[in-house]
Amino acid sequence: MTARSAATIASLVLLAAVSGCTNFFEVPIETPLSPKMDVSAFRRVLVAGFISGGTDDVDANLETVRLLRSQLRSKSQLRVIEADVLPLAELAADKAKGAPSATAETGALPRVAADVQAPGPTVPPVPQLPDTKIRNAKDLEKYQSIFADVAFWKKVGEEYENPLIVTGTVLFTPHQTSGFVTRNVETYDQLGRRTVIPQRTYMERKGFILTPKFIFIDGRTGATLHSETMHEEILYNSQQNTPALSSYFELMDKVIPTFLGTLSNQKIKGTRVLLR
């Protein structure tokens, strides 16, 4: 036996001895993440509303406002302002046409009814324009100018005592696709032993795509502080009938942590394996 062979065998014996008396255990850990924005200058936050589209099955404007407000109440130190939702699509369409809006005529901002209405004077309803249907990203382009309207957002900020304003766009669109997907198929032999075999199967699937763009605006100046676009999608078997609203909330669950991480400290939970 050579010296090298003897050393190898000794190393294996030592490793086996150490492994035999070593305990492996998992320890939960939390990793803190710093926010992307410094919001220390603000005490209040206004989720004003979103320009939304894609499908008529879900009012993504109202649902997104309600969901973000709920999350901010429990996971942010900023005080959430309860107010009616701004109909930004109609306001942007009026602005693009150069038509007088309720804002210009009355000096007040029109609103869409929300869960809690902020006190204020009654304003005339904004007419529903026939060309405000938004189906895709291209349709959103003609509404983008409202987010650069510093005077408009400064006026919104003055009405609510200069908060941090959250707005943007939400596109929630149906999606269909087909192709080969890999599925794990379980098989059992005569002795009951389980084997997992990957198989490629041609499938038709349907689902939804969620593309939100969050824009954070300084209510004191009307200037944009930060913006972030996200993209999530979900697909089901074509025979599965999943309500659009359920899919919307399932996709928003993936988006919410990133949104909250923009404003406040967050923690990522995980585990580490230790030896003892």
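**View 1. Surroundings of Phe259 in the predicted model.** Leaving aside neighbours within four places in sequence, Phe259 is in contact (heavy atoms within 4.5 Å) with Leu68, Leu72, Val166, Phe214, Phe216 and Met230. This is a predicted model in which local features need pLDDT of at least 70 and side-chain atom pairs count only at pLDDT 80 or more, whereas totals for chains, interfaces and linings use all residues. Residues are numbered from 1 along each chain as its sequence is written, and side-chain values use heavy atoms, with hydrogens and water left out.

**View 2. The nonpolar cores.** A nonpolar core is here a set of buried Ala, Val, Leu, Ile, Met, Phe, Trp, Tyr and Cys residues joined through side-chain atoms within 4.5 Å, where buried means under 20% relative accessible area, exposed over 50% and partly exposed in between, with a 1.4 Å probe and protein chains only. The largest such core has 36 residues, and Leu68, Leu164 and Phe259 are those with the most contacts inside it. Two or more residues each come from E2, helix H2 (60–75), E4, strand E5 (194–218), strand E7 (232–237) and helix H7 (244–263); these elements are DSSP runs numbered from the N terminus, helices (H or I) of at least four residues and strands (E) of at least two. With 9 residues, H7 gives the most to this core. A second, separate core of 24 residues includes Ile81, Ile134, Leu140 and Val156.

View 3. Phe50 and Phe214 form an edge-to-face pair, at 6.1 Å centre to centre and 80 degrees between the planes. Because Phe50 lies in strand E2 and Phe214 in strand E5, this pair ties together parts that are 164 residues apart in sequence. Phe50 and Phe214 are buried. The ring centres of Phe216 and Phe259 are 5.9 Å apart and their planes lie at 20 degrees, so this pair is stacked. Distant parts of the chain are again linked, with Phe216 in strand E5 and Phe259 in helix H7, 43 residues apart. Phe216 and Phe259 are both buried, and ring pairs link Phe50, Phe214, Phe216 and Phe259 into a cluster.

**View 4. Strand E2 and its partners.** Strand E2 (residues 44–53) is mostly covered, with 10 of its 10 residues buried. Strands are taken to pair if DSSP finds at least two bridges between them. E2 runs parallel to strand E3 (residues 79–80), to which 2 bridges join it, and Arg44 stands opposite Arg79 in E3. E2 also runs parallel to strand E4 (residues 164–188), here through 8 bridges, and the bridge partner of Ile51 in E4 is Thr169.

**View 5. Surroundings of Phe172.** Phe172 lies in strand E4 and is buried, with a relative accessible area of 1%. Leaving aside neighbours within four places in sequence, Phe172 has contacts that include Gly53, Val58, Phe208, Leu210, Ala244, Tyr248 and Leu251. Phe172 and Ala244 are 72 residues apart in sequence and 9.3 Å apart in space, C-alpha to C-alpha.

Terms used:
Rings of Phe, Tyr and Trp (its six-membered ring) pair if their centres lie within 6.5 Å; planes under 30 degrees apart count as stacked, over 60 as edge-to-face and the rest as tilted.
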